[in-house]
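Please read the following account with the sequence and the model side by side.

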Amino acid sequence: MSINQATAAPPGVSIQAPDVSGSQQRTLFSRLGLLDRLLSPLILLSMIVGVLIGVFVKGVQQAFDTAQFYSVSVPIAIGLIVMMWPILTNVRYECLAHTLLSRKLWVHLSISFVLNWIIGPFVMLALAWATLPDLPTYRTGVIMVGIARCIAMVMIWNGLAGGDTEYCAILVVVNSVLQIALYSPYAVLFVDVIGGNHGHAVHLQYGTVAISVLIYLGIPLLAGVVTRLTLLRISPRFFHHTFMPYFSPVALLGLLYTILVLFAYQGHHIIDNIGKVARVAVPLILYFVVMWTGAAALLWMLVRREVLKKCVSGDRRDETERMFEYQTTVVQAFTAASNNFELAIAVTIATYGVGSDQALAATIGPLVEVPILLALTWVAQVMRVRLPWGCAGICSDVESMEKS
């Protein structure tokens, strides 16, 4: 299933993952688009080429530093806008009114708030102190990544894993608003107070965070809304069958460009500090894996609990009435595990300087996050075909256990 097929469902109907296994699993992966199937090697190639550019091409970082807007890197911003525009164009805004009135959405918003704004920052803080007790400057950069909740790349991972795009878009927008309000006080709390940083206190203005969020999310969101509503008004058939099939792959091209720019930007720093880079990668890898598996396990337990209640009551009504399912599990897992590295990089550069250890540690965030979460999209697809998500599968498992 390609990223532009992830939301091909009628308005108001959730996509239910089929109960498939074995040869059907291979068939599922074979339906990936060409760019989706080549994404892993292309990302690896982009990383390698980016590092080579950063090491051997003189003046690359200086060129990137001159192209900034309020501490936001213009080359990175261009890549993220290009990456987000097709995804946000594929969101069915015309159906969001119905979604916003549903109890299901508000339950998932509550779960997302707990995972992202209570559990996530403390997990990163604990891992940073456990693995980097003797590197306070790098530890600060890692903590700054942990308190920046994801608003961009999560939509790529969610799309590749077949998650619910509408729910993901809503969670991203809500996290963006919360980020504007909470990132500054969280930085002071987790870095200066709890984090024990007594050397260089963090003093952030809400405007700095708001500008970053506006650029990285506001511009592509506005572009997506205008593009979708304009083309649907002109010709729905042209939009769905001609425009989107060609426009959707642009998101993955934007991802590859962004990765190339990020690695080129910090390529020489990575090579010159390879030992410390490897150490900083440890808490980040642990964080991504722990948060993703923890959130996925929590939502899977809620899926089973809900379905088992239906089994006991004999109520096996339409699957679309369920509160928890594969699509929302994927959204919660990737939202909890991802971070807004764009904001973390911009803030650490503005606060500590472009050549600082804190900025390097923040930059390592996406360098680790990209391959780890890309791998987890494949884990999600395996979960999709190996675990019984529908009422029929879970109830039949329970009945088999009772007979045995």
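In this predicted model, helix α7 passes helix α10 in a right-handed crossing. The two helices, α7 covering residues 103-131 and α10 covering residues 165-193, have axes that come within 11 Å and cross at roughly 35°. On the α7 side the contact is made by K104, L105, H108, L109, S112, F113, N116, W117, P121, F122 and L125, while α10 contributes Y167, I170, L171, V174, N175, L178, Q179, L182, Y186 and F190. Sorted by class, the residues in this contact of α7 with α10 are 15 nonpolar, five polar and one charged.

Helix α8 (residues 136-146) and helix α17 (residues 357-386) have axes that come within 7 Å and cross at roughly 45°. The crossing in which α8 passes α17 is right-handed, and the residues that make the contact are T137, Y138, T140, G141, V142 and V145 of α8 together with D357, Q358, L360, A361 and A362 of α17. The contact of α8 with α17 comprises six nonpolar, four polar and one charged residues.

Attention now turns to the aromatic rings. With ring centres required to lie within 6.5 Å, the count comes to 11 aromatic pairs. In the pair formed by W292 and F334, the ring centres are 5.7 Å apart and the planes stand at 70°, so the pair is edge-to-face. Because W292 lies in helix α14 (residues 274-313) and F334 in helix α15 (residues 326-337), this pair ties together parts that are 42 residues apart in sequence. W292 counts as buried because its relative accessibility is 3%, and F334, with a relative accessible area of 0%, is buried as well.

Elsewhere, W85, F238, F239, F243 and F247 form one aromatic cluster. What does W85 touch, leaving aside residues up to four places away in sequence? Its contacts are P220, A223, G224, T227 and F247, of which F247 is also a member of the aromatic cluster. W85 is found in helix α5, which spans residues 74-89, and the C-alpha atoms of W85 and P220 are separated by 4.7 Å although these residues are 135 residues apart along the chain. The relative accessible area of W85 is 33%, so this residue is partly exposed.

Key: Residues numbered from 1 in each chain as written. Predicted model: local features only at pLDDT ≥ 70, side-chain atom pairs only at ≥ 80, totals over all residues. Heavy atoms only, no water. Axes fitted to C-alpha atoms, helices over the stretch in contact; angles between N-to-C directions. Helix = DSSP H or I, 4+ residues; strand = E, 2+ residues; numbered from the N terminus. Left-handed = near helix turned anticlockwise from the far one by under 90°. Contact = heavy atoms within 4.5 Å. Nonpolar A, V, L, I, M, F, W, Y, C, P; charged D, E, K, R; others polar. Phe/Tyr/Trp six-rings, centres within 6.5 Å; stacked < 30°, edge-to-face > 60°. Buried < 20%, exposed > 50% of the residue type's maximum accessible area, 1.4 Å probe, protein only.
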